[in-house]
Amino acid sequence: MADDRGRSLFLTAAEAAAVREEFGTPCYVYDRATLVGAARRVLTFPNAFGLTARYALKANSSHGILTLFRDLGLDADASSDPEVERAMRAGLAPSRIMLTSQAPSRRLEEFVSAGVRYNACSLHQLDCFGQTFPGRDVTIRVNPGSGSGALNRVNTGGPAASFGIWHEHLDEAKAIAARHRVTIRGLHTHVGSGSDPGVWALVVEMALGIAERLPDVQTVSLGGGFKVARMPGESEADLEVIGAGSREAFLGFERRTGRRLHVEIEPGTYLVANAGVVVATCIDVVDTGASGYRFAKLDAGMTEVTRPALYGAQHPVQVLATARPEASVVFVGPCCETGDILTPAPGDPEALGPRDVPRPEIGDLVLIGGTGGYCASMSAVNYNSYPAAPEVLRESEGQFRLLRRRQTLEQMLENELPG
């Protein structure tokens with residue numbers, strides 16, 4: 001059983017009640033101070049010869065968060081054509097946007113002509129770029145042969161990952177570039193998530209080893225995947241330690257080759273995860289007998305927080321109640337779907353993971369923490385025709401500013417044709 005006591009979430013009970021009163025539940029709430037603090041840590045990542053820090057939009061593409069990060073000096077990492085459009089609509093100059101997409105861009109000519117930077121993630125993508133922009137510079141994403149992550153589903157490197165050009169095909173990539181007179185100026189790697197400085201040292205070593213085979217490369221992106229600690233007892237990536245090791249490796253590369261490489265990083269989770277909570281209401285409490293489980297049904301579930309269903313991910317859950325006896329409780333969402341479980345067992349997504357909390361009652365406010373990243377942007381929205389929840393920013397003065405209204409049924413139906 002997991003115990004969420006002592007895990008601090010930034011909303012007080014009074015603030016959560018105010019959110020429910022003004023915006024209803026479920027509702028995402030993001031904290032400006034937490035977002036700003038994370039951004040400042042990222043922007044001071046130790047480096048040898050210059051740094052570009054990009055925010056990975058896929059973590060949370062809310063317009064309000066994009067504009068906040070834009071003003072703080074973060075550039076953008078876009079994973080699709082629509083994300084490029086989102087970034088530009090948030091006021092980022094095209095030159096501050098890098099497109100790194102699994103899918104070949106349908107707007108490649110338009111975007112690159114406007115100044116968007118392009119990262120070719122396959123041999124086919126590199127060939128398309130060369131045909132469209134012969135003689136230009138490009139970045140390529142390379143799968144270095146191994147990856148990192150608590151689960152295979154969050155591992156983006158190695159033979160089981162489809163991301164990037166397999167490292168053994170590097171000579172073929174160089175031949176394609178030469179055929180189109182394209183110069184490979186940037187190298188991108190991203191192998192998954194982790195907090196171990198030793199793993200990050202290996203990531204840097206692999207990236208620099210590949211850069212040594214690409215004599216025109218001037219910029220190396222280490223990707224993102226800096227782990228955050230959502231739950232008590234979890235370890236978190238220390239950017240100072242990781243960056244210091246990276247800096248030494250880049251200095252060593254310069255001593256060995258004479259080449260000074262600019263470093264890029266593109267965190268998503270690190271910047272937003274713990275800056276978000278979902279405010280929910282307990283709508284029912286049921287049990288399956290003395291030998292079974294007690295379930296607290298919330299009005300938030302996989303339609304707001306899909307990570308537990310996808311990966312068995314762990315999120316802190318707080319019942320905002322006092323002077324209650326504790327109970328062992330499994331938290332579930334409102335959907336007619338067996339996978340709508342908010343508290344799976346740690347390390348076993350197929351099992352239930354009860355939490356020790358004040359015994360929930362119908363009407364209680366409940367907070368789901370660590371939901372600033374890969375929640376609103378990756379939700380199973382509109383399942384059972386539930387609307388997309390609103391998003392709210394908690395300003396530094398404790399005021400709440402609406403970033404996105406709650407979706408209406410009319411908005412859900414507006415693209416459906418009668419008859």
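Predicted model: local features only at pLDDT ≥ 70, side-chain atom pairs only at ≥ 80, totals over all residues.
Biologist: Let's start with two helices. Why are α6 and α7 called roughly parallel to each other?

Modeller: Look at the angle first. The axes of α6 (residues 123–132) and α7 (residues 170–179) cross at roughly 10°. Angles under 35 degrees count as roughly parallel, and therefore this pair of helices gets that name. Their axes come within 9 Å.

Biologist: Which residues make the contact?

Modeller: From α6 there are L123, L126 and D127, and from α7 there are E172, A173, I176, A177 and R179. These residues divide into five nonpolar, no polar and three charged.

Biologist: Now to the rings. What makes F45 and F226 a tilted aromatic pair?

Modeller: Their centres are 6.0 Å apart, and rings pair if the centres lie within 6.5 Å. The planes are 55° apart; stacked needs under 30 degrees and edge-to-face over 60, so the pair falls in the remaining class, tilted.

Biologist: And why is the pair of W200 and F226 called stacked?

Modeller: Its planes are 15° apart, and under 30 degrees counts as stacked. The centre-to-centre distance is 4.5 Å. W200 sits in helix α8 (residues 197–211) and F226 in the loop between β10 and α9, 26 residues apart.

Biologist: How do you know whether W200 and F226 are buried or exposed?

Modeller: Buried means under 20% relative accessible area. W200 has 5%, so W200 counts as buried; F226 has 3%, so F226 does too. Together with F45, these residues are linked by ring pairs into a cluster.

Conventions: Residues numbered from 1 in each chain as written. Heavy atoms only, no water. Axes fitted to C-alpha atoms, helices over the stretch in contact; angles between N-to-C directions. Helix = DSSP H or I, 4+ residues; strand = E, 2+ residues; numbered from the N terminus. Parallel < 35°, antiparallel > 145°, perpendicular 65-115°, else oblique. Contact = heavy atoms within 4.5 Å. Nonpolar A, V, L, I, M, F, W, Y, C, P; charged D, E, K, R; others polar. Buried < 20%, exposed > 50% of the residue type's maximum accessible area, 1.4 Å probe, protein only.
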